[in-house]
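Welcome to a short tour of one protein chain. Please keep the sequence and the model side by side as you read.

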Amino acid sequence: MKALVVGKGRMGQLLSAHADSFGMHSLGCCDVLDPALLLDHKEEIDVILDFSHPDNLDWILDEIEGTNIALVEGTTALSEAQKQRLAQQAARQPVFYSANYSYGVAVFQKLLKTITPLLKDGFDMELVETHHNQKADAPSGTALALLEAMDPDGEFERVYAREGVVGKRGKEIGVHALRGGTIAGIHEVDFFGEDETIEIKHTATSRMIFVNGALKAARFLADQQPGLYTMDDLLR
């Protein structure tokens, strides 16, 4: 497989450097401001891995329209319109989308889907995420995915970073973002009950867990028909 990476940041460089470990040849990294690799090699590319900025997505989708190029999309902070366009593109070619490519986080989400219905009526729920000081968006895409796993029907109000005289809790999930240092990612969900607490925590010590997951997703797409795939499909 020949892979092209969109995004020249740390994640993009790691994806390009480790593609050969998964039996792929990386053509390099590009973006909307430096598009030559995509424009010049479009007929060679089997899969694009995008871990860049939401501004690149529409350009990517325009360029791969009418081709057989698969897409692994890992950019966070996509708009609802962009997510809908990803789903529409998936009707014509394989698309893999996740806010987090860690195997552990995928299991975390499954766990939350199972236990939250059992706890939500008797426990208060809080979510805390921590990332390095260069991360631009908050809360993280992974935190939003965990919230969706906990409360898919939107029963609870999301309360972000309480301040001032907020009064007693309502039917809410508190969401908090910490930023500092070089932390790759920590996500913790706490269920506070009467005289008991349940804590579930995932810590990423290296970006390589995301790199490995994304490259596994790219290999997975090689054998797939058009469709929108997620980490649930990779776990199976």
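In which loop is the place of Ala77? Ala77 sits in the loop between strand E4 (70–73) and helix H4 (80–89). Bear in mind throughout that this is a predicted model.

## Backbone features in the loops

You will find Ala161 in the loop between strand E7 (157–160) and strand E8 (172–179). Ala161 has a relative accessibility of 51%, and exposed means over 50%, so Ala161 counts as exposed.

A cis peptide bond also deserves a look. The bond from Ala138 to Pro139 is cis, with an omega near -5°. Pro139 belongs to the loop between strand E6 (124–131) and helix H6 (141–150).

## Two residues and their partners

Is Leu4 buried or exposed? Leu4, which lies in strand E1, has a relative accessibility of 0%; because buried means under 20%, Leu4 counts as buried. Leu4 and Asp50 are 46 residues apart along the chain, with their C-alpha atoms separated by 8.5 Å.

Lys8 is found in the loop between strand E1 (2–6) and H1. With a relative accessible area of 40%, Lys8 is partly exposed. From Lys8 to Lys120 there are 112 residues in sequence, and the distance in space is 42 Å, C-alpha to C-alpha.

## How the helices pack

Two packed helices are described by the angle between their axes and the distance between the axes.

| Helix pair | Axis distance | Angle |
|---|---|---|
| H3 and H4 | within 11 Å | roughly 15° |
| H1 and H7 | within 10 Å | roughly 55° |
| H5 and H6 | 8 Å | about 30° |

Take helix H3 (residues 57–64) and H4, whose axes cross at roughly 15°. Angles under 35 degrees count as roughly parallel, so H3 is roughly parallel to H4. The crossing of this pair, H3 and H4, is left-handed.

Next come H1 and helix H7 (residues 208–221), with axes crossing at roughly 55°. That angle makes H1 oblique to H7. The crossing of H1 and H7 is right-handed.

For H5 and H6, the packing angle is about 30°. This makes H5 roughly parallel to H6. Which hand does the crossing of H5 and H6 have? The crossing of H5 and H6 is right-handed.

## The largest pocket

What volume does the largest pocket have? Its volume is about 910 Å³. The lining of the largest pocket is made of 35 residues, and those closest to the centre are Met11, Phe51, Ser52, Thr76 and Lys135. Helix H1 (10–18) and H6 are the elements that give two or more residues to this lining. H1 provides the largest share, three residues.

By class, the lining of the largest pocket has 17 polar residues, 11 nonpolar and seven charged.

## The second largest pocket

The second largest pocket holds about 620 Å³ of space. Which residues lie nearest the centre of the second largest pocket? They are Tyr97, Ala99, Gln109, Ala145 and Glu148, out of 25 lining residues. Two or more lining residues come from each of H4, helix H5 (103–119), H6, E7 and helix H8 (231–235). H6 gives the largest share of the lining of the second largest pocket, six residues.

The lining of the second largest pocket divides into 12 nonpolar, seven charged and six polar residues.

## Putting it together

H6 is a handy helix to keep in view. H6 gives two or more residues to the lining of the largest pocket, and H6 also gives six residues to the lining of the second largest pocket. H6 packs with H5 as well, with the two axes 8 Å apart. The cis bond from Ala138 to Pro139 belongs to this part of the tour too, as Pro139 is in the loop between strand E6 and H6.

H1 is another helix to trace. H1 gives three residues to the lining of the largest pocket, and the axes of H1 and H7 come within 10 Å.

Technical notes. Residues numbered from 1 in each chain as written. Predicted model: local features only at pLDDT ≥ 70, side-chain atom pairs only at ≥ 80, totals over all residues. Heavy atoms only, no water. Helix = DSSP H or I, 4+ residues; strand = E, 2+ residues; numbered from the N terminus. Buried < 20%, exposed > 50% of the residue type's maximum accessible area, 1.4 Å probe, protein only. 1 Å grid on protein atoms, 1.4 Å probe; cavity = no way out; pocket = protein on both sides within 12 Å on 5 of 7 lines; lining within 4 Å. Points joined across faces, edges and corners; volume = space filled by probe spheres on them. Nonpolar A, V, L, I, M, F, W, Y, C, P; charged D, E, K, R; others polar. Axes fitted to C-alpha atoms, helices over the stretch in contact; angles between N-to-C directions. Parallel < 35°, antiparallel > 145°, perpendicular 65-115°, else oblique. Left-handed = near helix turned anticlockwise from the far one by under 90°.
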